[in-house]
Amino acid sequence: MKPVGPIPADFAAIEGELAIGGQKVSALVERAGDTPLFVYSRAMLDQRMADLRAAMPHRLQINYAVKANPFGPLVSHMAGLVDGFDIASAGELALVQQAGIDPERVSFAGPGKRDAELEAAILAGVTLNCESEGEARRTFEIGERLGITPCMAVRVNPDFELRGSGMKMGGGAKPFGLDADRVPGLVHEIIAAGADWRGLHIFTGSQSLDAEAIAETQGNVLDLAARIADDVGRPLLKLNMGGGFGIPYFHGDQPLDLSLIGEALAKRFDALTATLIDTQFCIELGRYLAGEAGVYLTRIVDRKESHGVTYLITDGGLHHQLAASGNFGTVVRRNYPVAIATRFNAEAVEEANVVGCLCTPLDRLADQALLPHADVGDIVAVFCAGAYGASASPSAFLGQGSAQEVLV
Ligand SMILES: Cc1ncc(COP(=O)(O)O)c(C=O)c1O
């Protein structure tokens with residue numbers, strides 16, 4: 001038997017079935033027409049933001065990283081909750097524009113921005129987080145050609161990383177940002193070129209459940225930003241401090257201690273030096289805001305035994321939920337939180353493997369999980385599916401098609 005991850009506490013049953021946003025999964029599936037289906041809960045998004053606001057210092061702004069979940073209705077809902085948006089492509093720019101989000105609230109980071117993307121960003125008036133000197137120079141040229149002053153921040157590749165993070169985005173050679181010692185030189189170039197210098201972006205990693213490590217990294221980010229601003233000789237308008245707040249996906253994971261992070265940051269904000277005293281600070285979070293608010297629902301289409309092992313074969317799989325299959329950046333595969341949604345309160349009585357409908361042994365949703373007895377027609381729920389689910393999975397693989405998505 002292998003344990004499954006922790007089901008987020010906010011989920012409960014109605015008449016024995018998992019309910020999301022007050023509606024039973026069978027009703028949600030019926031309304032959508034079929035499985036597989038991603039369901040995102042407005043109430044859980046709201047609650048998550050309320051908890052964050054309560055724990056963080058008031059002057060800290062909270063941005064949503066659209067890459068975590070670019071589903072249009074969810075992005076529109078986030079517009080009423082967060083302060084800003086981090087985008088990573090012209091496609092995500094189009095999404096925030098469709099949602100009517102003020103460009104002043106949007107920053108565009110990511111390596112390899114093409115000229116057409118730079119042009120779209122300049123025309124839209126969003127802040128470009130420059131990842132290299134070359135990208136900055138292309139931005140000056142395009143801005144000049146368009147007759148528009150580009151808004152530019154510099155993304156810093158710091159000399160440190162976020163300890164214990166699932167994905168490290170700083171510390172040593174990286175394709176992201178500019179090595180810290182070269183940043184003052186580029187800032188001078190931006191100012192000399194007549195562009196609108198907006199500040200710095202320092203992103204160190206993601207998916208950390210270690211509050212002390214996050215607090216320590218935020219302190220390092222503030223120190224580094226102060227050093228750069230002192231070197232440049234100008235106060236810093238904005239500092240995007242990155243994110244890295246993780247969620248519990250696996251057995252034994254504990255939720256992040258938000259109060260520890262908030263209190264440590266408040267102390268640091270009380271002791272800012274001259275160049276940071278009036279700075280606007282933000283963090284950018286994806287999975288922490290949206291991850292636990294989403295559930296992936298897939299129906300059992302076959303039940304079979306092989307060499308004494310029970311297989312529950314579903315109409316979903318890794319083409320929608322790559323991360324749950326263990327093939328999205330994990331070294332050792334572990335089970336996400338998984339349940340039989342249509343028998344949510346039933347006693348777990350048998351060990352089963354939940355697999356998808358793709359003809360590959362990689363397509364696993366739960367291995368040797370202790371579950372209630374389930375049959376063809378039952379609906380399986382995979383939790384923590386609100387971030388890096390539908391949009392981070394190979395939906396074209398084997399021609400099985402995309403999953404539907406709803407916000408309830
Ligand atoms: C620049 C940047 N911002 C934000 C994020 C969002 O990270 P998470 O969803 O873990 O909060 C990432 C993730 O890779 C990133 O690269």
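1. Phe11 is buried, at a relative accessible area of 9%; buried stands for under 20% relative accessible area and exposed for over 50%, with partly exposed in between (1.4 Å probe, protein chains only). Phe383 is also buried, at 0%. This is a predicted model, in which local features need pLDDT of at least 70 and side-chain atom pairs count only at pLDDT 80 or more, while totals for chains, interfaces and linings use all residues. Residues are numbered from 1 along each chain as its sequence is written, and side-chain values use heavy atoms, with hydrogens and water left out.

2. A search of the whole structure gives 12 aromatic pairs. The rings of Phe, Tyr and Trp (its six-membered ring) pair if their centres lie within 6.5 Å; planes under 30 degrees apart are stacked, over 60 edge-to-face, and the rest tilted. Phe11 and Phe383 make a tilted pair, with 5.1 Å centre to centre and 55° between the planes. The two are 372 residues apart: Phe11 is in the segment before β1, and Phe383 in the loop between β21 (379-382) and β22 (404-407). Helices (H or I, at least four residues) and strands (E, at least two) are DSSP runs, numbered from the N terminus.

3. Phe245 and Tyr288 form an edge-to-face pair, at 5.7 Å centre to centre and 75° between the planes. Phe245 belongs to the loop between β14 (238-240) and α9 (258-269), and Tyr288 to helix α10 (residues 287-290), so the pair ties together parts 43 residues apart in sequence. Phe245 is buried at 2% relative accessible area, and Tyr288 is buried at 7%. Elsewhere, Phe38, Tyr40, Phe71 and Tyr296 make up one aromatic cluster.

4. Which residues deserve a look for their backbone geometry? Most residues other than glycine have a negative phi, and most peptide bonds are trans. Cys384, in the loop between β21 and β22, has a positive phi near 55° and is buried, with a relative accessible area of 1%. His307 has a positive phi of about 50°; its place is the loop between β16 and β17, and it is exposed at 85%. A cis peptide bond joins Thr35 and Pro36, with omega about -10°; Pro36 lies in the loop between α1 (25-32) and β4 (37-40).

5. β16 (residues 294-306) and β17 (residues 309-314) are antiparallel partners over six bridges; two strands pair if DSSP finds at least two bridges between them. Ile300 is opposite Thr314 in β17. The hairpin of β16 and β17 has two residues between the strands. β17 also pairs with β19, in the parallel sense and over three bridges, with Tyr311 opposite Asn353 in β19.

6. Asp363, in the loop between β19 (350-355) and β20 (364-371), is buried yet has no salt bridge, and the nearest side chain of opposite charge, Arg364, is 8.4 Å away. A salt bridge needs a side-chain nitrogen of Lys or Arg within 4 Å of a carboxyl oxygen of Asp or Glu; Lys and Arg count as positive, Asp and Glu as negative, and His and the chain ends are not counted. The side chain of Asp363 does reach the backbone nitrogen of Leu358 at 2.9 Å.

Conventions
A polar contact is a pair of N or O atoms within 3.5 Å; within protein, one must be able to donate a hydrogen and the other to accept it, and residues adjacent in sequence count only if both atoms are side-chain atoms.
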